[in-house]
Amino acid sequence: MNKNLRGFLIISLMLPTMALATPNMRVGLVLEAGRGDHSFNQSGYEGATRAQHELGIDLKVQDGSGPANYARVLQEYAAQGLDLIIAMGTSGTSTVTATAQQFPNQKFVVIDDLPRGANTTGIRFRNEEGAFLAGYVAARSSSTGTVGFIGGQDVPVIHEFEAGFRAGVKFICPNCQVLSRFIGKNRDAWNNPEAAMKLAASMKAQGADVLFAVAGASGQGVIRYVNETECLKGSELPAGMTFKSHLFEGVQKSRQYLGQCAGNSRPLFFIGSNRNQNYLGDDDGNPATLNHGLTSAVNGIEEVVYTIIRDMAARKPWRSGERVLGLENNGVSYALDRYNAALISEDMQKQLENVRKLIINGGIKVPKS
């Protein structure tokens, strides 16, 4: 499994030629929910700032703060004559299409959706494929046979994660239960960690010990809940439920964990999304002790944003339309590093590699909904 998405070949996005940026090349980045989500938007921001530092472009960044502001910023960036405008997320796709029609000399990119127009490009990921691997890991790691999915805004792209996750769980554990909830219907759902914490607590009360959060900044609520709670105790299990395994008994634990989770208990885990969030589960500052970040379903967002800017700076031909990235071109993956190495056994890694190959070769059909 490729642990580092940086440097991979993403269809024709990645080309070996490096070039200095076009003099005074100006790029605008519009974020859907703010750069501090440690997830989707942060990845786009880091890809753009990497291009700024390495290529010397002029970069403007606007954090998302509602549909009206999103549209206003797109209009302003286009009116200012920015060469390339990158919009993160699905919320503003129709606005990008309309703005691109008004400003045919500017180029527009949407990450995670497909706008329309010869001067637009849509970068989409096979989110369901990475989520399938996450579901496989969740099912193999759960001590109760119950896991949870917490989505942010109830939109089709997040249902891709949900469908893939559920399929991955059921592939290895047909009798496992998958709890699923969304935070809300509007864009505020991406910035509501308190609501996410409540959903996490509700799922734990139903016996879920692995929680997959695909919720932008709201996902920080799930991570916080897991880090603070740390474990699921036998006395807290729903009536009729018992622990089915004790897979992580031999993993070194922190003093805090041992004090809080003494007796009949099992670890509580989260699975991160969009970028590697494993490190956020290191609640005691020691990667050698049990980490609460089981793994992360990773998309190559940072690399894609950087490469789009780099290719335009190098005056590569513009490609409109859709570009889709999945397991076959390492556009999605699962995260394995020093934080979760003790949680993902070598045997599981081999099985995940076999599953990855089956998905790529069509032996496993991963649903999108």
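In which hand does α1 pass α9: left-handed or right-handed? The crossing of α1 with α9 is right-handed. A crossing is right-handed if the near helix is turned clockwise from the far one by less than a right angle, and left-handed if anticlockwise.

This is a predicted model, where local features need pLDDT of at least 70, side-chain atom pairs count only at pLDDT 80 or more, and totals for chains, interfaces and linings use all residues. Residues are numbered from 1 along each chain as its sequence is written, and side-chain values use heavy atoms, leaving out hydrogens and water.

**Helix against helix**

Helix α1 spans residues 40-55, and helix α9 spans residues 301-313. Their axes come within 7 Å and cross at roughly 35°. Axes are lines fitted to C-alpha atoms, for helices over the stretch in contact; angles run from 0 to 180 degrees between N-to-C directions. Helices (H or I, at least four residues) and strands (E, at least two) are DSSP runs, numbered from the N terminus. Among the residues that meet are F40, A48 and L55 in α1, and V305, Y306 and I309 in α9. Contact means heavy atoms within 4.5 Å.

**The sheet**

Six strands form an open sheet with parallel pairing, in the order β2-β1-β3-β4-β5-β13. Two strands pair if DSSP finds at least two bridges between them. β2 and β13 stand at the edges with a single partner strand each, so one side of each has no neighbour in the sheet. On average, neighbouring strands are turned by 15° against each other, direction ignored.

β4 and β5 run parallel and are joined by four bridges. V110 has G122 in β5 as its bridge partner. Helix α9 lies across β1, β3, β4, β5 and β13, and runs at about 165° to β3.

| Strand | Residues |
|---|---|
| β1 | 26-30 |
| β2 | 58-62 |
| β3 | 84-88 |
| β4 | 107-111 |
| β5 | 120-125 |
| β13 | 321-325 |

**The cores**

The largest nonpolar core has 69 residues. Such a core is a set of buried Ala, Val, Leu, Ile, Met, Phe, Trp, Tyr and Cys residues joined through side-chain atoms within 4.5 Å. Buried means under 20% relative accessible area, exposed over 50%, partly exposed in between (1.4 Å probe, protein chains only). I86, I111, I158, F165, F212 and I309 touch the most other members. Helix α4 (residues 127-141) gives the largest share, eight residues. Apart from this core lies another, of 21 residues, including I150 and M203.

**A buried threonine**

T97 sits in helix α3 (residues 93-102). T97 counts as buried because its relative accessibility is 4%.
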